[in-house]
Amino acid sequence: MKKTIVTALLGFAATAPVHAETVVITADRMVDVLAGKAIDQPVIVVTDGRIVSVGRQGSVTLPEKAKRIDLAGKTILPGLIDMHVHLDSDPRYGGYNTLQFTDMFWVAAGVGNARSMLDAGFTTVRNVGSGNYSDVGYKQAIDEGVMVGPRIVPAAHALGATGGHCDETYLPPSFKAKGEAVGDGPQELRRRVREQRKYGAEVIKVCATGGVFSRNTEPGQQQLSEEELRAIADEAHQWGLKVAAHAHGAAGIKAAIRGGIDTIEHASLIDDEGIKLARERGAYLSMDIFNTEYTQAEGKKNGVMEDNLRKDREVAQVQRDNFRKAHAAGVKMVFGSDAGVMPHRTAAGQFRYMVEYGMSPMDAIQAATRNAAQALGREKDVGAIAVGRYADIIAVDGDPLTDIRQLEDVDAVIKGGEIVTAKD
């Protein structure tokens, strides 16, 4: 970023009140994710953190004495949305290495991870499963101004079956370890939904199949019946909550979609029938096709067991190929990195894989903005630079519509009309 711009940005950041009354933002270009095109010389007017007008410079009457953020030479985009993160995870510690710390270590680690996501351009994240209700706590701390991070949609504890991916599967019987939201049967799982909502969950996460990084489960195994998955979805929807299903295996994916679940996480082994079903039912796929680069390179050193690395290898390329097939078939896709499996600061590295496996740069950007906001049911708040939405905006040097890797190096992050990150 040019020195003059940095000085202006940091000067504004240092003097702006918590909610600047009116802010005017200008740049060279803007990616309009709703129209699917770039706009030259945009000007955005923000009042109390929300956008009140969007136009072209010279065609909009600007309010007097407004604060100015001039991003000359930059391309601006809506703040990015990552639909699958784990803020209280640290990929440097895998397998039994995680047991060397007290439980609250992971809660503390999430404070820095939240900041890393924000600095990387993700102004909204959906945290799909945490321990100790940490994601609810992060959201509250950020909302109260005592912690810096993105807007968080918390899931609290993930629901699952006894012995399944969301249960505690690493310890022997004498420890009597059990997942906080494990349940068996429709009625017990309905109760688990109510518990998570009671303590702050804004989305429900359920593990429909086995997983890669759990012990004694295989990704293709279905762990909950369609009846159980339907009960979870019905209960959550009754309370106005969306549901995300961890589902690698083809049978579990189809059971989750038929059960009414809103987003399918990973979807690694989805088959043609599952792709057709997702398209027909309007289910969103969130496929983490980037993080295996980190897990295969660093996992063994970090303590990840060979059996987990074996499962990771087995699903990696299949998942990428199925990502291409699902996108080509017209399935709705959202950006989900599974940050926490790899370092949070690297989450935007997934964009280049999304483009490599069939998306245009605009498709990939829309997956992390417009589509994600739709899947969250928060189109009035986030996901676009549009009137009424939060002024969550990022800036990059080049043109991400010709070079998607520009998103791996964000120059400025604005959240609610305030600069929260500006690079030298």
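The exercises below, each with a worked solution, concern a predicted model of a protein chain.

**Exercise 1. Aromatic pairs**

Task: Find how many aromatic pairs a search of the whole structure gives, and classify the pair formed by Tyr93 and Phe105 as stacked, tilted or edge-to-face.

Solution: The search of the whole structure returns 11 aromatic pairs. For Tyr93 and Phe105, begin with the distance, which is 6.0 Å centre to centre, and recall that ring centres must lie within 6.5 Å to count as a pair. Next take the angle between the planes, which is 80 degrees; because planes over 60 degrees apart count as edge-to-face, the pair is edge-to-face.

**Exercise 2. Buried or partly exposed?**

Task: Decide for Tyr93, Phe105, Phe101 and Trp106 whether each is buried or partly exposed.

Solution: The cut-off needed here is that buried means under 20% relative accessible area. Tyr93, at 23% relative accessibility, therefore counts as partly exposed, and Phe105, at 25%, is also partly exposed. Phe101 has a relative accessibility of 22% and so is partly exposed, while Trp106, with a relative accessible area of 15%, is buried.

**Exercise 3. Charges over a ring**

Task: Give the distances of Arg50 and Arg151 from the centre of the Tyr390 ring.

Solution: The charged end of Arg50 sits over the ring of Tyr390 at 4.0 Å from its centre. Arg151 likewise lies over the face of Tyr390, at 3.6 Å from the ring centre.

**Exercise 4. Two helices**

Task: Describe how helix α5 and helix α6 are arranged, using their axes.

Solution: Two packed helices are described by the distance between their axes and the angle between them. The axes of α5 (residues 226–238) and α6 (residues 250–258) come within 8 Å and cross at roughly 40 degrees. That angle makes α5 oblique to α6, and the crossing in which α5 passes α6 is right-handed.

Notes. Residues are numbered from 1 along each chain as its sequence is written. This is a predicted model: local features need pLDDT of at least 70, side-chain atom pairs count only at pLDDT 80 or more; totals for chains, interfaces and linings use all residues. Side-chain values use heavy atoms; hydrogens and water are left out. Rings of Phe, Tyr and Trp (its six-membered ring) pair if their centres lie within 6.5 Å; planes under 30 degrees apart count as stacked, over 60 as edge-to-face and the rest as tilted. Buried means under 20% relative accessible area, exposed over 50%, partly exposed in between (1.4 Å probe, protein chains only). A charge sits over a ring if NZ of Lys or CZ of Arg is within 6 Å of the ring centre and within 35 degrees of the ring normal. Axes are lines fitted to C-alpha atoms, for helices over the stretch in contact, and angles run from 0 to 180 degrees between N-to-C directions. Helices (H or I, at least four residues) and strands (E, at least two) are DSSP runs, numbered from the N terminus. Angles under 35 degrees count as roughly parallel, over 145 as roughly antiparallel, 65 to 115 as roughly perpendicular and the rest as oblique. A crossing is left-handed if the near helix is turned anticlockwise from the far one by less than a right angle, and right-handed if clockwise.
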